[in-house]
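Please look over the sequence and the model shown here, and then read the briefing that follows.

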Amino acid sequence: MYPSSCDTFVALPPSTEGQRIIFGKNSDRPCDEVQEVVYFPARDYDAGEKVECTYIEIEQAAHTYAVILSRPAWLWGAEMGANEHQVCIGNEAVWGRESADGEEALLGMDLVRLGLERADTAEKAVDVITELLEKYGQGGQCMEDTCGFTYHNSFLISDRKDAWLLETSGKYWAAERVEGGYRNISNQYSITTKIDKEHPGLREYALSKGWWDGETQFNFATVYSFMTTARIDASGCRYSEGKRLLEESNGHITAETMMDILRDKNSGINMEGMFMTTGSMVSVIPTNPDLPGVHYFTATPDPERSVFKPFIFVKNIKGELKETTSPTYGVDDPVKKKPRFQSKPVRKHKLFIKHEVVAAIIDTHKDRGQKIVQSMRQLEKETMTQMEKILSDGIEVPDLLVDLFSSSVQKEMNVYSKS
């Protein structure tokens, strides 16, 4: 299976319309992997409590923020998500000179969730992730399989004010602040000489390995990347295409713009094949703190034939999003047993099952398929029109939005039932 995965984007004023930050990500994963969308409310913990991540147990924070996550159904962390303070995070697989083969530790996807649960700004998320990285390390199998798919991670993180790009190599890392315009990342290091935060031993380690001479200007991507790699070549094409698509709408980037980019198949951003786009996310965050953010998720593969459905953080949200939550197996889950991944249980949630049937119809019945896609787009357009009013005017009755995501999923399933 050829290892390729993910494209993440952020656009800030003046690249966007309406003084908003637009965040987007395609999660590109094995084509048979189910991605679920789940919600966890804010919570307080007693001193000394632990939290069991995908492979290891770590110290729990005294308080965790409410989060909405899109994640492979077999693991604890997340590919992407947002929290109640409108912090958004997406991660990317990256490979470099440092080996990514190591002991089980925190996955990059665990760090996404931990950053969202523990940080109320993008910069604090950088601090949370890097502190955990240095304390516990990163490592472990990144697919529900025994094939040995491992990688380092880069993260694109945004809030109401700015964005941060964080790139890692083992326990070493560099971070760059993005204060305006737009930025996208794929499966390659992209921080060069503008480094706003870094691991204190980053340069000394590179010097000791002979990757840097200590005299030329320090360029993180050049020093820590492979000299040549097919992975970087492949991601480089998607990176360049993503940058071009953002540039085409520079100054007028909206949620619709971001959704169009995520749906673009010619660029490879909407990936097909053994690795494909299994889930997508677009967030709209007004810079005005009095206005809510709206977070759209598909919870289904291929955004071209999926519906982006909205979620807004309000009080009294029910804990479980039943239609997009996969079955759980507790201590009997093959992920938890050693040796791991000796079998693969069914993880399809209700929406995934419905969507799987409709996707087959779209593939095999052209006219009928076109009508289904038109109905999906119409539903999405109507919902986004309603969300635009909330983004502009604020929330009048919070309780009416408690079931916003679940009711949107139900409307999507109703479209499928009629087709």
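**Briefing on the enclosed space and the backbone**

The structure holds one cavity of 30 Å³ or more, where a cavity is a set of points on a 1 Å grid over the protein atoms alone at which a 1.4 Å probe fits but cannot get out. This is a predicted model, in which local features need pLDDT of at least 70 and side-chain atom pairs count only at pLDDT 80 or more, while totals for chains, interfaces and linings use all residues. Residues are numbered from 1 along each chain as its sequence is written, and side-chain values use heavy atoms, with hydrogens and water left out.

**Cavity**

- The largest cavity has a volume of about 30 Å³, a volume being the space filled by probe spheres set on grid points that are joined across faces, edges and corners.
- Its lining, meaning residues with an atom within 4 Å of a point, consists of Leu-106, Leu-107, Gly-108, Gln-138, Gly-139, Gly-140, Cys-142, Tyr-151 and Asn-153.
- These lining residues divide into four nonpolar, five polar and no charged, with Gly counted as polar and Leu, Cys and Tyr as nonpolar.

**Loop between S17 and S18**

- Thr-300 lies in the loop that runs from strand S17 (294-297) to strand S18 (309-311), strands being DSSP runs of E with at least two residues and helices runs of H or I with at least four, numbered from the N terminus.
- Thr-300 is buried, with a relative accessible area of 0%, where buried means under 20% with a 1.4 Å probe and protein chains only.
- The side chain of Thr-300 makes a polar contact with the side chain of Ser-306 at 2.7 Å; such a contact is a pair of N or O atoms within 3.5 Å, and within protein one must be able to donate a hydrogen and the other to accept it, while residues adjacent in sequence count only if both atoms are side-chain atoms.
- Beyond its neighbours within four places in sequence, Thr-300 is in contact with Thr-278, Gly-279, Ser-306, Leu-351 and His-355, contact meaning heavy atoms within 4.5 Å.
- Ala-299, in this loop between S17 and S18, has a positive phi near 65 degrees and is buried, with a relative accessible area of 0%.
- Asp-302, also found between S17 and S18, has a positive phi near 60 degrees and is buried, at 4% relative accessible area.

**Cis peptide bonds**

- Most residues other than glycine have a negative phi, and most peptide bonds are trans.
- Pro-13 and Pro-14 are joined by a cis peptide bond with omega about 10 degrees, and Pro-14 is found in the loop between strand S1 (7-11) and strand S2 (20-30).
- Lys-338 and Pro-339 are joined by a cis peptide bond with omega about -5 degrees, and Pro-339 lies in the loop between S18 and helix H7 (350-364).

How values were computed:
Buried means under 20% relative accessible area, exposed over 50%, partly exposed in between (1.4 Å probe, protein chains only). On a 1 Å grid over the protein atoms alone, a cavity is a set of points where a 1.4 Å probe fits but cannot get out, and a pocket is an open set with protein on both sides within 12 Å along at least five of seven lines; lining residues have an atom within 4 Å of a point.
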